[in-house]
Amino acid sequence: MYLYSLTLQQATGIVCAINGNFVGGKSQEIVVARGKNLDLLRPDEAGKIQTLHSVEVFGAIRCLAHFRLTGSQKDYVVVGSDSGRIVIMEYHKEKNCFHKLYQETFGKSGCRRIVPGQYLAVDPKGRAVMIAACEKQKLVYVLNRDTAARLTISSPLEAHKSHTITYSITGVDCGFDNPIFAAIELDYSEADQDSTGQAAAEAQKHLTFYELDLGLNHVSRKWSEPIDNGANLLVTVPGGDDGPSGVLVCAENFVIYKNQGHADIRSVIPRRADLPAERGVLIVSAATHRQKSMFFFLLQTEYGDIFKVTLEHKREEQDRVHVTELKIKYFDTIPVTSAMCVLKTGFLFAASELGNHALYQFQAIGDGDDVEASSATLMETEEGFQPVFFQPRGLKNLVRIDHIASLMPIMDMKVMNLFEEETPQIFTLCGRGPRSSLRILRPGLAISEMAVSQLPGVPNAVWTVKKNVSDEFDAYIVVSFPSGTLVLSIGETVEEVSDSGFLDTTPSLAVSLLGDDSLMQVHPNGIRHIREDGRINEWKTPGKKTIVKVGSNRLQVVVALSGGELIYFEMDMTGQLMEVEKHEMPGDVACLDIAPVPEGKQRSRFLAVGSYDNTIRILSLDPDDCMQVLSVQSVSSPPESLLLLEVQASTGGEDGADHPASVFLNAGLQNGVLFRTVVDMVTGQLSDTRSRFLGLRAPKLFKAIVRGRQAMLCLSSRPWLGYIHQGHFLLTPLSYETLEFAAAFSSDQCAEGVVAVAGDALRIFTIERLGETFNETVIPLRYTPRKFVLQPKRKFLIILESDQGAFTAEEREAARKECLEAAGIGENGNANNGDQMENGGGGADDEDKEDPLSDEQYGYPKAESDKWVSCIRVLDSKTGNTTCLLELQDNEAAFSACTVNFHDKEYGTLLAVGTAKGLQFWPKRSFAAGYIHIYRFIDEGKSLELVHKTQVDGVPLALCQFQGRLLAGIGSVLRLYDLGKRRLLRKCENKLFPNMIMSIHTYRDRIYVGDIQESFHYCKYRRDENQLYIFADDSVPRWLTASHHVDFDTMAGADKFGNVYFVRLPQDVSDEIEEDPTGGKIKWEQGKLNGAPNKVEEIVQFHVGDVVTCLQKASLIPGGGECIIYGTVMGSLGALLAFTSREDVDFFSHLEMHMRQEHPPLCGRDHMAYRSAYFPVKDVIDGDLCEQFPTLPPDMQRKIADELDRTPGEILKKLEDIRNKII
């Protein structure tokens, strides 16, 4: 079995983010690392985040930093990854790519304890960079420039210290003195020697300064001083002429200013009033804002509160700067971030740890009156320093203006077609705590609807026209009905007009702008040409003939009369429309189109004519060979609609692809296929044909404008958009209802929209977030979702949610009331009234309780760690309503569920839920009790009623129906239960599993059990003996995170190190077990390697590079191949498609081999080694690498294509075809 791996949705979580001027010029961009992807983002004028470039680096990006050489205008990016190399790159605006300048190797690949790559620190003046490991090793590279002002890098200087753990490093700003790097270190050499644990308890963290002597080219330890053992983060304080230099040490509950030769300035971090006393406050991310005259820091705690830190400092004699006071002031509360970036344009980019990322705008910089802690008012008591308390409030200094959707982490996923649509939907459980959600993903782009208005009848076409070619916006929307034409003028509002010159008593066939400033209306009986001064010229059809089809551009018009006669008109110098040529076609014309007039030309050369005899002809419009057939293309079905689309020449333009100008002929055929082919600009010959099935209706094709470039709308049983994005031509469905007819629309409210008709409504919409594969519908949940199952009959979803260390809804409600009363506020007012909430909407207290945003923004109040809250939710996915919500009582948490039909049909389908009471993971794993609850569905499946609950001796992590009974994996025991009146009855068990059962799948009489550490075990249940036997297992230990049953002998699994693998029972062993009538063989056979008598073979190995949490077999397109879809912790979705032919395998494996050689990954990781990080990659071709082929320079594309005996066009077609099989 050979598989093709393709990422459908790249990771949405963000590991680290930096901001700077990477493109050059005034604008500021953000570079974010999403695991193995590097993205360049920029907020546009409207505050929407645009992705300029995204590249997969085939390696784990662990840290990012940026630096600028003194006097230059552009920032460089430094990347620390698992490649054992430091990589410095810059962004090329012309080629739209990251260009690798230096790649210096210093160690082994992989994330290792003592190989640098975990931390990066840069000298603020851009003279040196330090890269450090978690332990022992630190390397410093000196950065300089040569005579041609190019960046140069020195060989590394060592600053190693053995037996030392590093927690954080940063560059100290000391102007143009020797560069200094600061580090938080912990020496464990004594703790290692001392077996009593005394030294470990006394181990002390130190703040160490390393100085790089640029004269001697040497790094030395300059200064070291003990600091709080809770210290976890260093923040550079501006120095030189701008500030006092030194660092802020963020420790548990404190922020301390430290510098060599300066007394410590310490201030306590304000804490929430409702935080349990045992919990400390740690700073998790920091951002610095500096202007000429002032600077401040924003520090965020692990609960999401942001504090503004300022330093009061004054200059003393000998130009020394002395810090007098450190102030920490409450700023705002936003969800916890993994990185924050303050942009010069007044934005704050917050890369959330989990859930959606956001872009905020500063309303103020925290000069109002809020709770403030200061070093000057620090009080010491017997218990320690006196804490300062504050109460979180709505946003005051920040306002959210945009967000980037993030699925991180995907906890569970199922692909199902619950809405009876053309394609199935992907249901994913995402997020954590109050920010969790069920997201319904559909392949396609999101639509935002601007307006819908009812029309007086059912229209059959719509057009938009400008009055003058130089106008920015459209002037009229023209709607054609079977009996007349309606003209709407576009202004502040859209209203009907009658003085436009259009004939409104007849249906229209085409309306367009002709020349520079005149309008044309084609109706069945003629052509109406409306001049700018209001004069009207009419051309009438000869005899009884009528016009059936029309094709036009700005200077040329071709009409087809009934019977197949073509008449060609051209616009002359005076602006008159003149008849040039007639031509008889062999039969009726099905559709026409004329290519747009090329720049600087009088006319376009090509006319495409589709006929009912399944052919498309290209005719010439040149005066020399007018109406001569240049080429003929036969197609599989009569063409319904044609569109000649010109792609402008581009040399490394925005899309980063070099290609000459070319014209594409697109045809929508009656069998629902879109047919695309390239028209040769000189000869008119057709080549490189591609086709794709779009839907059950013949696609109608229309021009549209996307990001200022030509694009194509195809309206079949659902709308599709074909556009160029980052060098690739993408054809993506729109998540919208069926449309009949459409036209591009542009007004001052909506620059790039589409106006369309469907039924008797006129709709105006815009297309959001281009380049995305999926759009989502979000349904918020209460706690972290764990699993969900489908109620088979009514198609309801049953979702298990549970959280550790939180309060139940009633307790939170009571605490909130108490808090309000304590604040002396009645029942109907609220201290932080909701009008500052992100969505507005404040008002009375009862509304405010319902406001889910407050919890989503502040997180839940924290409880003791052994306290769990959990609920079982029944959700109607069609409406998004929760029909039943059961909160579990007395500290139980739900972990597994399944629907089960027992033998006695008394109740019908029941729901089994596995729970644990008082589960704790630290200091060692313990729990009070495990239970299996049995619920029955009442009220047509809308709600649940408890039948009984059975106590068991472990945590039931896996439940599954099996032959009218319930199989439960309880700790390391597999047990079979039957339904009793008061509890579940044990029927049979097997205790021979090694650690803990975490998944069970069944098929016929086989049971496939996944062990948390030991991969899969294949079992068989013998009914006559009532025994469960393990007859095969895996010889490789695997820490399973996800599993799926593929076929009778095959299982797919994923482990916690980011590998996906398939195991298969050898055919002869499988046959032998099935043919063994007595079961004697299984019973008495000797086990091998401390396990079962037979071993499964691993047939597929692949390192995804991200922990896979769920696997599912599904087909995402009608008639497409079945593939395995997986979801990961970082919020990415991918697919593994099985190849059906040997020649495809050969082709793609050769393409992958050439891509590995010619286009090595950006961060210096070897591609083959990355995909084989834990086990050698086996029988999987990496589609993500193959799909980088279009981004290569044209000469390299040709070189690889020659090696494969193909043309680059054929390779692109193969890549497109295999992608279309998946999605």
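**Loop, backbone and interior**

Modeller: Gln963 sits in the loop that runs between β76 (956-962) and β77 (965-970); helices and strands here are DSSP runs numbered from the N terminus, helices being H or I of at least four residues and strands E of at least two. This is a predicted model, in which local features need pLDDT of at least 70 and side-chain atom pairs count only at pLDDT 80 or more, while totals for chains, interfaces and linings use all residues. Residues are numbered from 1 along each chain as its sequence is written, and side-chain values use heavy atoms, with hydrogens and water left out.

The point of interest at Gln963 is its phi, near 50°, a positive value in a residue other than glycine. Gln963 is partly exposed, at 29% relative accessible area (buried is under 20%, exposed over 50%, partly exposed in between, with a 1.4 Å probe and protein chains only). Asp1205 also has a positive phi, near 55°. Its place is the loop between α11 (1194-1203) and α12, and Asp1205 counts as exposed because its relative accessibility is 70%.

Two peptide bonds are also worth a note. Most residues other than glycine have a negative phi, and most peptide bonds are trans. The bond from Met408 to Pro409 is cis, with omega near -15°, and Pro409 lies in the loop between β35 (398-404) and β36 (410-416). Trp922 and Pro923 are likewise joined by a cis peptide bond, with omega about 0°; here the loop holding Pro923 is the one between β73 (909-917) and β74 (929-938).

Thr428, in strand β37 (residues 425-430), is buried, since its relative accessible area is 0%. Apart from neighbours within four places in sequence, Thr428 is in contact (heavy atoms within 4.5 Å) with Leu407, Ile410, Asp412, Met413, Ser437, Leu438, Arg439 and Leu441.

Next, the nonpolar packing. A nonpolar core is a set of buried Ala, Val, Leu, Ile, Met, Phe, Trp, Tyr and Cys residues joined through side-chain atoms within 4.5 Å. The largest has 48 residues, and Ile477, Val479, Phe502, Leu721, Phe765 and Ile767 have the most contacts inside it. Beyond four places in sequence, the contacts of Ile477 include Val462, Trp463, Leu486, Phe745 and Ile764. Another core, of 40 residues, lies apart from that one, with Leu6, Ile426, Ile1125 and Val1145 among its members.

The domain assignment, which is automatic or from a database, gives domain 1 (117-226), domain 2 (463-703) and domain 3 (1123-1222). The C-alpha centres of domain 1 and domain 2 are 68 Å apart.

A cavity is a set of points on a 1 Å grid over the protein atoms alone where a 1.4 Å probe fits but cannot get out, and lining residues have an atom within 4 Å of a point. Leu674, Arg676, Arg690, Ser691, Arg692, Leu731, Glu1216, Asp1217 and Asn1220 line the second largest cavity. β58 (673-679), β59 (686-693) and α12 (1208-1222) each give two or more residues to this lining, and domain 2 and domain 3 each give at least three.

Conventions: On a 1 Å grid over the protein atoms alone, a cavity is a set of points where a 1.4 Å probe fits but cannot get out, and a pocket is an open set with protein on both sides within 12 Å along at least five of seven lines; lining residues have an atom within 4 Å of a point.
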